[in-house]
Structure formats: C-alpha cells, structure tokens
Amino acid sequence: MKEKKFYTKSNREITYYGKEYGNLMVKNNIYLNIKTLNDLFEKLLLCYAKETAYPSCQKDYDYNNDPTYGQCAITAMIVNDIFGGTIHRIRVNGGTHYFNMIDNHYIDLTRDQFTLYDIDINYEANDEIPLEYCGKNEDTKHRYNLLKEKLEMLGKSI
C-alpha cells in the first residue's frame, strides 16, 4: 500500500511520530469519516487554528507552515477519545509536550512542531497523564471543545 502523504498550506510535507501505524482503526467511532489515525491527522490539519493553540504559542502561530504548533494537549485528548490508549507527557525545552500510547506504540500527531526545527524528542522518560488532568485547565478544556466542534463540523460538510 502506498504511504499517505500530508502537506501544510505552504506545501511543506508534514508527518507525525508513529506514522507506520497510520492505518490503526478507531476504537470509538465518534466522528464521521475518521476511521484511522491517518484520517484523523488529515482532518486535524484542516481544523487547527490560532485559537486552538496553547495561549503562549498564539502570537507566533503560523498555520500555513507549522499547524501543529501548540496543539499537543488537545490533540492527545482527541486521540485518546477516538483510539483509547493513554496520554503521556514529557519535558521539553520551554515546557511540556503531550502525546499518546496506543497498543504499546507511541503516537504523536503534533511531533512536526519539533521536527521542523530539528529539536530531538525522547519519548522514553515520560509520565502517564490521566485524561481528567488534561481537562482540568479551563483554557485547555475550551481549546479541546473548540477542536472537537471543528472536527464535528468538518464531518458534516464532507
């Protein structure tokens, strides 16, 4: 099977960590037209926006070239909703980064924000984070709900 390729609005190829599991099927079919990780990544690239980015990332947010910037926590929550597994957190230069583990494989749909700038990520030294923890912060909960609404609306327009 031919590998699915994704591009930013600036026509830069974009990928995610764990792409070899891109055909992993959903466990909770809550969005129309999202059946695999690749489907979800494709739809998220259409839904990310400045207002869904982490607040300190919003002033530098560049949707056309770096759409995953500042989207990690809410993306990890969406992945968890659809594919199950667990949410994990690591320390990175300047803060924290969230990603998922599904069927004993690390999946990071927002890895490109680091790859773009040649920043190395080590997933091994991480903390498992309960979904409830991610949703405790009011801003994170608001951005998560906004991203969910965008995915739902996209499903209705397809």
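Close-up 1. Glu138 is exposed, with a relative accessible area of 56%, whereas Lys141 is partly exposed at 33% (buried means under 20% relative accessible area, exposed over 50%, and partly exposed in between, with a 1.4 Å probe and protein chains only). In this predicted model, local features need pLDDT of at least 70 and side-chain atom pairs count only at pLDDT 80 or more, while totals for chains, interfaces and linings use all residues. Residues are numbered from 1 along each chain as its sequence is written, and side-chain values use heavy atoms, with hydrogens and water left out. Lys141 forms a salt bridge with Glu138, and the closest N and O atoms are 3.3 Å apart; a salt bridge is a side-chain nitrogen of Lys or Arg within 4 Å of a carboxyl oxygen of Asp or Glu. Because the two residues are three apart in helix H5, about one helical turn separates Lys141 from Glu138. Helices (H or I, at least four residues) and strands (E, at least two) are DSSP runs, numbered from the N terminus.

Close-up 2. Lys4, Glu42 and Lys43 are linked in a network of salt bridges. The side chains of Lys59 and Asp60 meet in another salt bridge, at 3.4 Å, N to O, where Lys59 is exposed with a relative accessible area of 69% and Asp60 is partly exposed at 48%.

**Close-up 3. The largest pocket and its lining.** The largest pocket holds about 710 Å³ of space (on a 1 Å grid over the protein atoms alone, where a 1.4 Å probe fits, a pocket is an open set of points with protein on both sides within 12 Å along at least five of seven lines, and lining residues have an atom within 4 Å of a point). Of the 29 residues that line the largest pocket, Tyr54, Cys57, Cys72, Gly95 and Thr96 are the closest to its centre. The elements that give two or more residues to this lining are helix H2 (72-83), strand E4 (95-102), helix H3 (112-115), helix H4 (131-134) and helix H5 (138-157), and E4 gives the most, with four residues.

Notes. Grid points are joined across faces, edges and corners, and a volume is the space filled by probe spheres set on the points.
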